[in-house]
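Q: Could you take a close look at one part of this structure with me? I would enjoy a connected walk through the details.

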Amino acid sequence: MKKQKLSLAISAAMLLSATAAQAGPQVEVLDKRSLPAGSFLAYTEFELSGEPLAESLGLDLDVLDPDQVNQPTAFDYSAGIESYEYSEEAMYALNYQSQSGPHLANGPLNKQRGGDLGALGQRFMELADSVKYPAEEIPLNLYPISLPYQAALPEFAGQVDTSVVNGDEIEHLDANGKARNLTTQTPAYYRDYASLAWTDSQTEKVINPASVGGILLKEVMWSQDFLGGMHVIDSDEEVEASTSTQDQDGVHALGVSAVDGMNGVILTEMSLDKLLILQDQLGFDGNKLGAAITPDYDPAKGVVWFPHQIAVTEGTANGVKAIDGLKVTDTSSSLRDTWLLLWPVSEYFAFSDQREANSGQNPAFAAVFDGAPFAAAPKANVDADNSNDVKADDAFSVASNLAGMLFKNLDALHFNRSAGTLVDSYNGKQGQHVTTYDAAYSLVALSIFQRSQDALPVGYASAEGGDVDLKSAQGKRALEIIRAQANFILANLIGDNGLAIDGTTLGGKADQGQSLDAQFAAIRGLTAAFLATEDSQYRDAARKLYLAVDEQLFDKAIDTWAQQPGQATEHTPWTAAAISSGLREAMLHLKNEEGENAAALELETLAQRYVSWFKGVVNGSSTDQGMQLAEWLGDSGEQYVEGEGEDIDADNVPKVTSNNTAMVMAAKVRVSAN
């Protein structure tokens, strides 16, 4: 009954917000490039602000239909369909289609199997069999990359193949409320990715740890979703895994469905390839790459980190892209690189966790890493004794090794003990500047690390309790840093006007800026600190900050926030990540409870803010505006109808062929009033 009332309340608000969003701001694309670091952080927040958010607020996900736009409410559709599906589609655009990185055939995993395309093809057959997906239905010319370059222009290099493969009849309701029956077509590019390669004209062939971390985070979040259950082979019906051997009974297979399972195991393979490259090739000791990273790594005995920029000399092997050479061009350790790797590596640690003490591990996950399709960890790495851990190349061992290294570096290289804060950089010595965005998001990464080490749920359940709590030494230290960093934010990074400042220099001056990025990142980080420590002062501070943001920065002319109301504001993917996450945390954890009556923190108002921001800034007010440059077919509501327009669902996001652009996010837009 409570959920029914909540749904009705949101529905009423959505009638208002959907109308307001039609006017919308002007959202001019200033930089069309795709930057994996910020954009895939944003897409991860979009994923968490998608189906998981809508469901937690009482929505039955079965009522969502991508071809019924803005139903049952504009909020439900924006969150449960658009936010959620954009995040998945963009991952495939980069990982399967773009060719913006070295091919998986030339990565370390495939080299162990012989190193040619035939070996990779055989591996994909094995992966398909593990989830009982018909191998012949894998898209032709799928081009899996080991890791992405730090920037690329997501325009297609040639003419996209739009020849029609087949058609279907559907009932469709667009964003303008126009209902009609459509005869949709499946174009050739939907099944064959050969014509979807991106132009190489603006590619920055540089390995940046945050870029690797961004797409790694996206991969492991979806892997956990796709492989979090099993399915009945004959019916494709999802079932909860009862044992880790259930996939061996001839009735069930890995994955919540065959197709989701297929993507899950491919993504798990791609993630492991990245982790092996990090572990074995990208460690830097100040002099050379390839420095050893082992479970007994101790920064006090010699520091190894991941340098901020590594230039790639690209070559060809097996007829596809390969790394011919690497050269460090920026030797520094960046806090942003570190936390944006620590978060996904910790998620992968939890996903692949085989520790004997973790009796609460999902049996479906355990089945993935029991030897087939992915190798099990050696006994030394899963027993209760951390001192006997050995370096190995299975998924859990690599994740454990890297999570330990990244956490130790965050503590030793970036945490200033006297000031109680994480600093932006290390390059032989600690820097002195603290950026609010990174200090705040470090709280998120640290909370996921702590939960993974202590065997608490992560992924979609990262705010929930668990049946097991190992209370590890690493988890305890992470909580200490979380408290110190959150306290520093409250004491030093909130201005006299109640808004967050962009940063400060230790022993020097505070930054003058008060960007939207800093506001919403601080809300996200303080909420993470509250959930990790259960200290209500951090929730109180996050609520107070949100109220200040809504009072001082909400611009009625654009129906969303501006850095200075009445003036144009530039948004990047980092901005989108922070706003999406800050609003979600407000709806889940900061909204009014009994005895609280802040108007801006009423759930209906928060949902309205979400819709007006998402539809106004992310989708935009026309097909040549908005952060989301294009969308794929089907799951996000777009359709291909031969001879008709570029935006069948009338949500202002065109299909990929309309502007010859992949379904990814722009690097920078300018938001202003009409």
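Is glutamine 99 buried, partly exposed or exposed, and what is its relative accessibility?

A: Happy to look at it with you; please keep in mind that this is a predicted model. Glutamine 99 has a relative accessibility of 21%, so it counts as partly exposed, given that buried means under 20% and exposed means over 50%. You will find glutamine 99 in the loop between α4 and α5 (108-112). Its backbone deserves a look too: phi of glutamine 99 is near 65°, a positive value in a residue other than glycine.

Glutamate 534 also has a positive phi, near 60°, and is not a glycine either. Glutamate 534 belongs to the loop between α14 (516-533) and α15 (536-553). With a relative accessible area of 70%, glutamate 534 is exposed.

Back to helix α4, which spans residues 74-97. The loop between α3 (51-56) and α4 holds proline 72, and the peptide bond leading from glutamine 71 to proline 72 is cis, with omega near -5°. Another cis peptide bond runs from alanine 372 to proline 373, with omega near 10°. Proline 373 sits in the loop between α10 (363-368) and α11.

Aromatic rings come next. Phe75 and Tyr86 belong to one aromatic cluster together with Phe40, Tyr43, Phe46, Tyr610, Trp613 and Phe614. Across the whole structure, a search finds 30 aromatic pairs. In the pair of phenylalanine 284 and tryptophan 305, the ring centres are 5.5 Å apart and the planes stand at 85°, so this pair is edge-to-face. Both residues lie in the loop between α8 (258-281) and β8 (309-317), so the pair ties together parts 21 residues apart in sequence. Phenylalanine 284 and tryptophan 305 are both buried.

Rings also meet charges here. The charged end of arginine 609 sits over the ring of phenylalanine 554, 3.6 Å from the ring centre. Likewise, the charged end of arginine 123 sits over the ring of phenylalanine 374, at 4.9 Å from its centre.

Helix α11 (residues 395-414) brings us to the second largest pocket, where it supplies the largest share of the lining, seven residues. This pocket holds about 500 Å³ of space. Its lining has 23 residues, and those closest to the centre are Asn386, Asp389, Ser400, Gln453 and Gln474. By type, the lining divides into ten polar, eight nonpolar and five charged residues.

Methods: Residues numbered from 1 in each chain as written. Predicted model: local features only at pLDDT ≥ 70, side-chain atom pairs only at ≥ 80, totals over all residues. Heavy atoms only, no water. Phe/Tyr/Trp six-rings, centres within 6.5 Å; stacked < 30°, edge-to-face > 60°. Helix = DSSP H or I, 4+ residues; strand = E, 2+ residues; numbered from the N terminus. Buried < 20%, exposed > 50% of the residue type's maximum accessible area, 1.4 Å probe, protein only. Lys NZ or Arg CZ within 6 Å of the ring centre and 35° of its normal. 1 Å grid on protein atoms, 1.4 Å probe; cavity = no way out; pocket = protein on both sides within 12 Å on 5 of 7 lines; lining within 4 Å. Points joined across faces, edges and corners; volume = space filled by probe spheres on them. Nonpolar A, V, L, I, M, F, W, Y, C, P; charged D, E, K, R; others polar.
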